[in-house]
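Here are my notes for your first read-through. Have the sequence and the 3D view open side by side, and look up each residue as we get to it.

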Amino acid sequence: MKKVTIIGSGNIGLSLAKGLVKSQFAQASDITLTRRNLNALAEEASQGFIVSNDNKAAVKSADIVVFAILPQQLKKVLMEVSPVVDKGRQIFVSIASGVSCADLKAELGEDATVIRAMPNTAIAIAQSMTCIASDSASTESLEQVEKMFETVGSVVIINEDLMTSATALCACGIAFFLRAIRAASQGGVEIGFHAHDALKMAVQTAKGAADLLLHTNAHPEREIDKVTSPKGCTIAGLNEMEHNGFSSAFIKGIKLSADKAGGLYNEG
């Protein structure tokens, strides 16, 4: 069993910790959770996790260190813990947007094993889409981190220069798809359904569409073609959405989020 420290135990950090225990990747007693306010970790302490507000002590005892904090906070924490890191033994995982492996090594040391990971908030129900990347980590280290995040969803290993794009598509993307579902439910109210029913119908329809692609590995347009008949109501609705910029707005939103994500570390 590896000893894991998660620096910054907010929603994503706690979800990862619980996923590691549920999958038996680690025992609760092998996972240290840090947070400035320990009262916020009282429930986790009762479940057997080690809780601490001492980042340096927590890092010193770990085999894998996960930095689950905002990019604006990361540099200060890296400077705090750098004196106690063991670069020959430890793996450092950062989920901070827009922070490169080079940025991390500038504080931890050039020979540190650094891996970036970008999960999304569906990690809370073990349905995250997590992308991981590194500049020079060994295959063994990457496989360990991949197994960690597979406990809370799906994982794709990508090139580091695509990590900011992964933030926009997967992490920010949760909000984009939720807004689309919200819009669909509002459309349902417009055509006569009560809000509660419209939302339930929109959510299940969206889930069905996603599951359909996951199970068939089909292209979306192939499945769209199955439901669009000549002069039918589906193609009429799709064309109206496209005339009003649906796809264009979605694409532009993703591109703008990627641009913004790339600069967050330097705003700290």
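1. Let's begin with S29. This residue is partly exposed, at 39% relative accessibility (buried means under 20% relative accessible area, exposed over 50%, partly exposed in between, with a 1.4 Å probe and protein chains only). You'll find S29 in the loop between α1 (11-22) and β2 (31-34); helices (H or I, at least four residues) and strands (E, at least two) are DSSP runs, numbered from the N terminus. Leaving out neighbours within four places in sequence, S29 is in contact with G48 and I50, where contact means heavy atoms within 4.5 Å. Now look across to A180: its C-alpha atom is 41 Å from that of S29, and the two residues are 151 apart along the chain.

2. A quick word on what you are looking at. This is a predicted model, where local features need pLDDT of at least 70 and side-chain atom pairs count only at pLDDT 80 or more, while totals for chains, interfaces and linings use all residues. Residues are numbered from 1 along each chain as its sequence is written, and side-chain values use heavy atoms, with hydrogens and water left out.

3. Is T5 buried or exposed? T5 counts as buried, because its relative accessibility is 0%. The residue sits in strand β1 (residues 4-7). Not counting residues up to four places away in sequence, T5 touches T32, T34, A58, V59, A62, I64, V65 and V66.

4. Next, N55, which UniProt lists in an unreviewed entry under "binding site". Keep in mind that UniProt positions are given in the numbering used here, feature names are shortened, and annotations may be inferred rather than shown by experiment. In the model, N55 is found in helix α3 (residues 55-60) and counts as buried, at 14% relative accessibility. Apart from residues up to four places away in sequence, N55 touches I7, T34, V77, E80 and V81.

5. Now a pair of helices. Two packed helices are described by the angle between their axes and the distance between the axes. Here, helix α4 (residues 71-81) and helix α5 (residues 101-108) pack at an angle of about 35 degrees, with axes 8 Å apart. The axes are lines fitted to C-alpha atoms, for helices over the stretch in contact, and angles run from 0 to 180 degrees between N-to-C directions. Which residues meet between α4 and α5? From α4 come L74, K75, L78, M79 and V81, and from α5 come L104, E107 and L108. By class, that contact has 6 nonpolar, no polar and 2 charged residues (Ala, Val, Leu, Ile, Met, Phe, Trp, Tyr, Cys and Pro count as nonpolar, Asp, Glu, Lys and Arg as charged, and the others, Gly among them, as polar).

6. On to charges. Side chains of opposite charge can pair when their charged atoms come close. How many salt bridges does the structure hold? There are 9, a salt bridge being a side-chain nitrogen of Lys or Arg within 4 Å of a carboxyl oxygen of Asp or Glu. One of them joins D63 to R89, with the closest N and O atoms 2.9 Å apart. D63 lies in the loop between α3 and β4 (64-67) and R89 in the loop between α4 and β5 (91-94), so this pair ties together parts 26 residues apart in sequence. D63 is buried at 18% relative accessibility, whereas R89 is partly exposed at 38%. D63, D86 and R89 are linked in a salt-bridge network.

7. K105 is in helix α5 and D135 in the loop between β7 (128-133) and α6 (139-150), so the pair ties together parts 30 residues apart in sequence. K105 is buried, with a relative accessible area of 6%, and D135 is partly exposed at 41%.

8. Finally, the cysteines. The structure holds 0 disulfides (a disulfide is a pair of cysteine sulfur atoms within 2.5 Å). C131 is buried at 6% relative accessibility, whereas C233 is exposed at 71%.
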